[in-house]
Structure formats: C-alpha cells, structure tokens
Amino acid sequence: MAEFNWTPEELQAIVDEHALVLFMKGTPEQPQCGFSNRAAMVLQQLEQPFVTVNILTDHRAIPSVCAWSDFPTMPQIFVHGELIGGSDIALAVSYTHLRAHETREDRGWAGVVGKKIWGGGGGGG
C-alpha cells in the first residue's frame, strides 16, 4: 500500500470516491472528540453508508485537511465531494431528514443536499 501524504489530490480522491465522508477525530467506535462523536452518531442514525477518516493518525492530517477544505475545525462532512460543514450541520441535516421522513417525502442525503440547507458555519473543535 502506498504511503498517504495528505496532499490535496489525495484528499480530493477520498471525497470523489465516496458519496459521504466524515473526517473526524478517532473512529465512530472510539471517537476522541465530542463533536466527532456527535457527527458520527448522526450519520449512523441516518442509515446511509459513509466513510470515516481518522485525522489523529498522523500529525500532518489536521493542518492538511483544514487547509485543503478551507474549513478551520473538525469534524468535516462531505457529501458528493462537497463540504457541508461540521457536527452542527450534521444535526441540522438529521433533523431535516427526519422531518422529511415523517411527511413521507424522504429522499435521503441526496434530497437534503439538493436543498442546500446549510449556510457555512463551524461546529467542531
């Protein structure tokens, strides 16, 4: 396996290859940050497949990911290659997803992302 160097090209390849990506501190099974834990829990509750990247495995990860995404905090959630934000956005998306389900208009992440309900904000540490 080739060494991962946290280059913009490598990071872009991750989000291009997977519909839903969570850059987080730790793993969903062993989160190392409350914000990362919250984001992972929300994504798990949506029952959509997602990939996680533990940014604590290499000291280069956090500064590389933050510089590449132009977003200063962790966690970071990408949907179809687009940064949607951190854990606060995950909660908003979860709420919208659940409300859509209650009204039988559930279209999953694709429908939520298409609505562009986020506004940019942080939500991490």
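**Entry 1: Arg 60 and its partners**

I started at Arg 60 and found a salt bridge with Asp 58, where the closest N and O atoms are 2.7 Å apart. I note here that this is a predicted model.

I put Glu 3, Asp 58 and Arg 60 down as one network of salt bridges.

Asp 58 has a relative accessibility of 16%, under the 20% cut-off, and so counts as buried. Arg 60, at 28%, is partly exposed. Glu 3 reaches 58% and counts as exposed.

**Entry 2: α1 against α3**

I looked up how helix α1 (residues 8-17) meets helix α3 (residues 61-69). Their axes come within 10 Å and cross at roughly 75°. That angle falls in the range of 65 to 115 degrees, so I call the two helices roughly perpendicular.

Which residues make the contact? On α1 they are Pro 8, Leu 11, Gln 12 and Val 15. On α3 they are Ser 64, Val 65 and Trp 68. I sorted the residues of this contact by type and got 5 nonpolar, 2 polar and no charged.

**Entry 3: the sheet**

I traced the strands next. Strands of a sheet pair through backbone hydrogen bonds, either parallel or antiparallel. Here I found an open sheet of 4 strands in the order β2-β1-β3-β4, and the pairing is mixed. The edge strands are β2 and β4 (82-85), each of which pairs on one side only. From one strand to the next the twist averages 25°.

I took a closer look at β3 (residues 76-79) with β4. The two pair in the antiparallel sense over 3 bridges. Ile 77 stands opposite Gly 85 of β4.

**Entry 4: helices on the sheet**

**Entry 5: backbone exceptions**

Last, I went through the backbone. Most residues other than glycine have a negative phi, and most peptide bonds are trans. I listed the following exceptions.

- The peptide bond from Met 74 to Pro 75 is cis, and its omega is near 5°. Pro 75 lies in the loop between α3 and β3.
- Asp 70 is not a glycine, yet its phi is positive, near 60°. I located Asp 70 in the loop between α3 and β3. With a relative accessibility of 69%, Asp 70 counts as exposed.
- His 80 also has a positive phi, about 50°, without being a glycine. I placed His 80 in the loop between β3 and β4. Its relative accessible area is 55%, over the 50% cut-off, so I noted His 80 as exposed.

How values were computed: Residues numbered from 1 in each chain as written. Predicted model: local features only at pLDDT ≥ 70, side-chain atom pairs only at ≥ 80, totals over all residues. Heavy atoms only, no water. Axes fitted to C-alpha atoms, helices over the stretch in contact; angles between N-to-C directions. Parallel < 35°, antiparallel > 145°, perpendicular 65-115°, else oblique. Contact = heavy atoms within 4.5 Å. Nonpolar A, V, L, I, M, F, W, Y, C, P; charged D, E, K, R; others polar. Buried < 20%, exposed > 50% of the residue type's maximum accessible area, 1.4 Å probe, protein only. Salt bridge = Lys/Arg side-chain N within 4 Å of Asp/Glu carboxyl O. Pairing = 2+ DSSP bridges.
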